[in-house]
Each structure stands twice: as structure tokens, then as C-alpha cells.
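Grab a pencil and follow along.

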Amino acid sequence: MLNVMGRRQLEENTISVKFEGFDELERNLNNLQNKVQQLEETETVAFTDLFITSFMREYTDYSSFEELLEAGGFEVNSQEDFQNIPDDVFDKHIAEHTKFDNWGEMLQQGTNEYIARELGF
């Protein structure tokens, strides 16, 4: 936290201000920059990392992404299995059992929250 300390110099009609805490601010900014760089280098993120239990409980009828898939009758053992789910069928399942209108909205919210967690917000 930055501390600002003021000292009045009446004879010159000015205020002298000393700022403290820039070293800590610089460390925090460097740490944030490192986290951003790590995120930029990330190529894939597991659904279980995007859709953590608290996310699923807040936004869906389930406590895990796996439960959401199972409840829809989707057998997913690979990325290919997931990609083979018809978009309209999956969107309908998402709309009926989450607070989202479609998969794209759920994925975007999960991504946003994942980034915020990774950056420490």
C-alpha cells in the first residue's frame, strides 16, 4: 500500500509530499506481469480448472463439469468425444441446467473467472 505523508511549509506556501511503498508496488506489478506471461503461454486448460466446484454450484445444477456431462447423457473420454457433441443439443442442455443461454456464454464466464483466479484477483 502506498503511504503519502504531507508536511506543510507555511513560509513557502507549499506542501512537501513523500511517497513510500513503491518497492512493494513494483514487486506486485512484476509478479502480475509474470502471471500474465504464464497465461499467454498456456495452450490448453482442463475443464476441471475452468469449471471449479464453486463455479459449477453458482451457475449450474451440478457440482462438477463431469456431472453436467453425465446428466446430459454425454459420454466424454476425449477431446474428440466432446467435439462430437452436436452444438444445438449441448446448447439446449446448458440452457436448461445452467444460468447461461448456451455453451459459448458458459465457456466465456469460466475463462474470465479462471484468468481472474490465476492473476490473483
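For burial, we'll call a residue buried under 20% relative accessible area, exposed over 50% and partly exposed in between (1.4 Å probe, protein chains only). The model is predicted, so local features need pLDDT of at least 70 and side-chain atom pairs pLDDT 80 or more, while totals for chains, interfaces and linings use all residues. Residues are numbered from 1 along each chain as its sequence is written, and side-chain values use heavy atoms, without hydrogens and water.

**Exercise 1.** Work out whether F90 and F74 are buried or exposed.

Solution. Take F90: its relative accessibility is 4%, so F90 is buried. F74 comes out at 13%, so F74 is buried as well.

**Exercise 2.** Classify the ring pair F47 and F82.

Solution. Start with the rule: rings of Phe, Tyr and Trp (its six-membered ring) pair if their centres lie within 6.5 Å, and planes under 30 degrees apart are stacked, over 60 edge-to-face, the rest tilted. The structure holds 16 such pairs. For F47 and F82, the centres are 4.8 Å apart and the planes sit at 55°, so this pair is tilted.

**Exercise 3.** Which residues form one aromatic cluster?

Solution. List them: F47, F51, F55, Y59, F65, F74, F82, F90, F100 and W103.
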